[in-house]
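These are my notebook entries on a structure that is new to me. I record below what I looked up, entry by entry.

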Amino acid sequence: MPGYATGRSTPVVVFFRLDDGVMTLGLSEHAHVERESRTALRPCAWYLDELDDSTVEKVAAVVRTAFEPTS
């Protein structure tokens, strides 16, 4: 199920997808994410096969960060 931020010139899409028991969490290219150290790579998708408390906290942090205004 996709979701997006409203009130921005370029909305951020966040999606969850379930295939064969594996969930994908993904972000569109307009999400506010930092590049990985010494590379041009930006994280945009994660796979998970179970949901525990620490994973729920990390997913919430990723979604909050994705919608932070860029400087």
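Entry 1, Thr24. I looked up Thr24 and noted that this residue counts as buried, because its relative accessibility is 13%; buried means under 20% relative accessible area, exposed over 50%, and partly exposed in between, with a 1.4 Å probe and protein chains only. Thr24 lies in strand 3. Leaving out residues up to four places away in sequence, I found that Thr24 touches Phe15, Phe16, Arg17, Trp46 and Tyr47, where contact means heavy atoms within 4.5 Å.

Residues are numbered from 1 along each chain as its sequence is written, and side-chain values use heavy atoms, with hydrogens and water left out.

I looked up pLDDT, the predictor's confidence in each residue from 0 to 100. The protein chain averages 82, and 83% of the residues score at least 70. Where pLDDT is low, the predicted coordinates should not be read in detail.

Entry 4, elements. I recorded 1 helix and 4 strands in the protein chain, and the pattern along the sequence is β-β-β-β-α. Helices (H or I, at least four residues) and strands (E, at least two) are DSSP runs, numbered from the N terminus.

Strand 2 (residues 13-19) and strand 3 pair in the antiparallel sense over 6 bridges; two strands pair if DSSP finds at least two bridges between them. The hairpin that they form has 2 residues between the strands, and Asp20 takes a positive phi near 50° there. Val14 stands opposite Leu27 of strand 3.

Which residues make up the largest nonpolar core? I listed 9: Val12, Val14, Leu25, Leu27, Ala31, Val33, Val59, Val62 and Ala66. Strand 3 (22-27) and helix 1 (53-66) are the elements that give two or more residues to this core, and helix 1 supplies the largest share, 3 residues. A nonpolar core is a set of buried Ala, Val, Leu, Ile, Met, Phe, Trp, Tyr and Cys residues joined through side-chain atoms within 4.5 Å. Apart from neighbours within four places in sequence, Leu27 is in contact with Val13, Val14, Phe15, Val33, Cys44, Trp46, Val62 and Ala66.

Of the 71 residues in the protein chain, 21% are buried.

Methods
This is a predicted model: local features need pLDDT of at least 70, side-chain atom pairs count only at pLDDT 80 or more; totals for chains, interfaces and linings use all residues.
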